[in-house]
Amino acid sequence: MGSENGQRLLIVGDGNCSIGTEKPRSVQTEGGLNEQSERSKCATGLLRSDHGSSFTEGGNKMNSLTLSRRGLLSLGGAAILSACLPSGRASGGRGYVPSDPAPVPVPNAGWDAWVDGFMSRASAKGIPQGTLDAAFRAAGFLPEVIEKDRNQTEFNRTLEDYLNIAASDERVSLGREKFAQFGKVLAALESRYGVERQVVAAIWGLESFFGTRRGNVPVVSALSTLAYEGRRGEFFEGQLVAALKILQSGDISPGAMTGSWAGAMGHTQFIPTSYLAYAVDFTGDGRRDIWSEDPSDALASTASYLARSGWTSGLPWGMEVTLPSGFDAGLLGRGKGKSANDWASLGVRAAGGGSLAGGSIIAGGNSGGAPYFLLTQNFATILRYNNAQNYAIGVGHLSDRLLGRGAVRASFGPDAAGMTKADRQDLQRMLTAKGFDTGSTDGVIGAKTRAAISAYEASFGLPITGEPTLMLLQRLR
Ligand SMILES: [Ca+2]
């Protein structure tokens, strides 16, 4: 998940800051807690980076935004506010400004005592004293991390909004640039792992905006803070032990092991246990370095993860499809798979032309209709990386866009407020033209658009709701 960036070229949507995460569809698996669901909560994050959170409960939206912005400022690299704040993480040449400073530990006697106990437990698990001493020499309690953990809001965005952010003009544009720039290494790891280069690159794009938001929070400090005081102490203690094993291996030094506020690290935001299980040294220098400017090891580690999670080379992730009139909606839904031939005989067609694949079909529209997506077994493998349906469709769609393919063809239909994307864009354009800046006109309603609506309402003596409505749109027109 991403860090905070203010670089104009990377700002998408209305450029607001989000504190939410997409809710994983399934957290429990046979083995207990699904690690990748946890991982998805740890990364700096696609949506967290791009848009304002208007998803908090109870109507204190602006308060939560303010809080998260403050937390973000102090978090520095944790990428929650990526779109809001300046960051120098990006490579040069695009006018990026320097990144925010990393969060600074504060004295905390409770944390000190917890670390003493933890060190005994870690020693008993075989972590050498030298590794422990080195890891904790500069570590400390990070109150911003606790603030982030407490403010984390789970919500479900519509797929339409999600894809507007996941495949924003900025992300597609930078992605095509990076796709070309790193074409050689992507091709090499495609031939080694059998995972198509555009899919690996798309994960890179969603996890860290192509390496520009890798996170600069010291991982030992973040994980020990969360293990000590967070809501999921046991999970984070396990991650901390894994982080110490990484340090013990010599792949990275304690000072350079940085990540998101929740300990997701590097270009593709691996949590420590995933790193231990899947990270590889692709460059051949003896270190699995997912943190460096060079993304090669991180991208190869991602390919390794997918390959070992069942990726089938040559099989598309899925595709947009069209259904014939009178199609039986009872055939839709994940888990209701059919072969390509069976779908074809039912009148299903690839929306972009070309062949179908076997899989199941879901409705992605705002009211359950079009657009429809056929999802293959490789889609299920992307879910192993991050168990959220919108995320996995986002990866698939962005991967198509990196290859030069077009946007989703069908309209997603009106949203819960009865507004289409064109309506929402009209609303943003007219508010901005009247002096109430919505930050962008991408049709995604974030905190900045809501603030603009509230300011408009206030200036005309209307009840302040901050809500986009057709009535407001008519008034503006
Ligand atoms: Ca290496």
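Let's start at T469, which counts as partly exposed because 15 C-beta neighbours lie inside 10 Å, and a residue needs 20 or more to be called buried. Keep in mind as we go that this is a predicted model. T469 sits in the loop that links α19 (447–459) to α20 (470–476). If you look back along the chain to I453, you will find a residue 16 positions away in sequence, with its C-alpha 9.9 Å from the C-alpha of T469.

Next, let's turn to some backbone geometry. Most residues other than glycine have a negative phi, and most peptide bonds are trans. With that in mind, take a look at F209: its phi is positive, at about 50 degrees, although F209 is not a glycine. The residue belongs to the loop between α10 (197–208) and β5 (217–218). Is F209 buried or exposed? F209 is buried, because 33 other C-beta atoms lie within 10 Å.

You can find F210 in the loop between α10 and β5. With 24 other C-beta atoms within 10 Å, F210 is therefore buried, as the cut-off for that label is 20 or more.

Our last stop concerns a peptide bond. Which residues does a cis peptide bond join? The pair is A370 and P371, and omega there is about 0 degrees. As for its place in the fold, P371 lies in the loop between β9 (360–363) and β10 (372–375).

How values were computed
Residues numbered from 1 in each chain as written. Predicted model: local features only at pLDDT ≥ 70, side-chain atom pairs only at ≥ 80, totals over all residues. Helix = DSSP H or I, 4+ residues; strand = E, 2+ residues; numbered from the N terminus. Buried ≥ 20, exposed ≤ 12 C-beta atoms within 10 Å, placed from the backbone.
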